[in-house]
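User: I am new to this structure and would like to learn how to read its features. Could you walk me through them?

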Amino acid sequence: GDPNRHSHLVAGGMSIDKTLGNGEFVVLTTRTHPKALFKPFLLFLLVLAAFVAALVWFPEHDAKQWVLVAVGAVAIVTLVTWVLMPYLRWRHSSYTFTNKRLITREGIITRVGRDIPLFRINDFTYERDLLDRMLGCGTIVVSDATEKAGVLLYDVPRIAEVQRQLSDLIFKADDGSDDGEFPPTEPRRR
């Protein structure tokens, strides 16, 4: 194959190579910072502690078995809904920057994505609160030359590095217009 084509796996273990065009290669791929899993992890610990407490402290008699079944059922529903599902959403979402476009993918069963050619990106900003600065992450807001609303890349880890790489990529893909109108390979119009 193509020497510029690198074999990368995106977040969630899904290969992005099959969607790459000729001469296109992955520069960076990431997913939301693991801070998205802090609340589900704390909830997991709380549910586990509640179940152990029910096992230990509920008095020994015939009703204990029914109480444990009820507590266990509530624990399973809670864990699936508010722990497992957020983890799977996190695991199956990714932001990928190639030398030609930004690719976002998310979803567990129904996959949703958006591809934006780099030459169409005309602005990007970032937002970082105190916790984001402590963790080295932040949200990048990408505006492009289309009618659609900008793309929000939430809680991007190593945001300073990603921002630098995104700037380099966008400047390399600059088409010379102020609105991302022309593809980079098209001659400039006067």
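**Reading the features**

Analyst: Happy to! This is a predicted model. Let's start with a helix: L48 is found in helix α1, which covers residues 38–57.

User: Is L48 buried, exposed or partly exposed?

Analyst: Buried means under 20% relative accessible area and exposed means over 50%. L48 has a relative accessible area of 43%, so it is partly exposed. L48 also belongs to a nonpolar surface patch, together with F41, F44 and W57 among others. The accessible area of the patch is about 910 Å² in total.

User: How many salt bridges does the structure hold?

Analyst: Side chains of opposite charge can pair when their charged atoms come close. Here there are seven salt bridges. In one of them, K35 pairs with D132, with the closest N and O atoms 2.4 Å apart. K35 sits in the loop between β1 and α1 while D132 is in helix α3, so the pair ties together parts 97 residues apart in sequence. Both partners are buried.

User: Which strand holds D155, the residue that also forms a salt bridge with K35?

Analyst: D155 lies in strand β7, and its closest N and O atoms with K35 are 3.3 Å apart. At 16% relative accessibility, D155 counts as buried.

User: What is the phi of D155?

Analyst: The phi of D155 is near 45°, a positive value in a residue other than glycine. R158 has a positive phi too, about 50°, and is not a glycine either. R158 is in the loop between β7 and α4 and is partly exposed at 42% relative accessible area.

Note on methods
Residues are numbered from 1 along each chain as its sequence is written. This is a predicted model: local features need pLDDT of at least 70, side-chain atom pairs count only at pLDDT 80 or more; totals for chains, interfaces and linings use all residues. Side-chain values use heavy atoms; hydrogens and water are left out. Helices (H or I, at least four residues) and strands (E, at least two) are DSSP runs, numbered from the N terminus. Buried means under 20% relative accessible area, exposed over 50%, partly exposed in between (1.4 Å probe, protein chains only). Patches are made of residues with over 30% relative accessible area and no salt bridge: like charges are joined within 9 Å, nonpolar side chains (Val, Leu, Ile, Met, Phe, Trp, Tyr) within 5 Å. Accessible areas come from the Shrake-Rupley method with a 1.4 Å probe; for residues, only the protein chains shown count as cover. A salt bridge is a side-chain nitrogen of Lys or Arg within 4 Å of a carboxyl oxygen of Asp or Glu.
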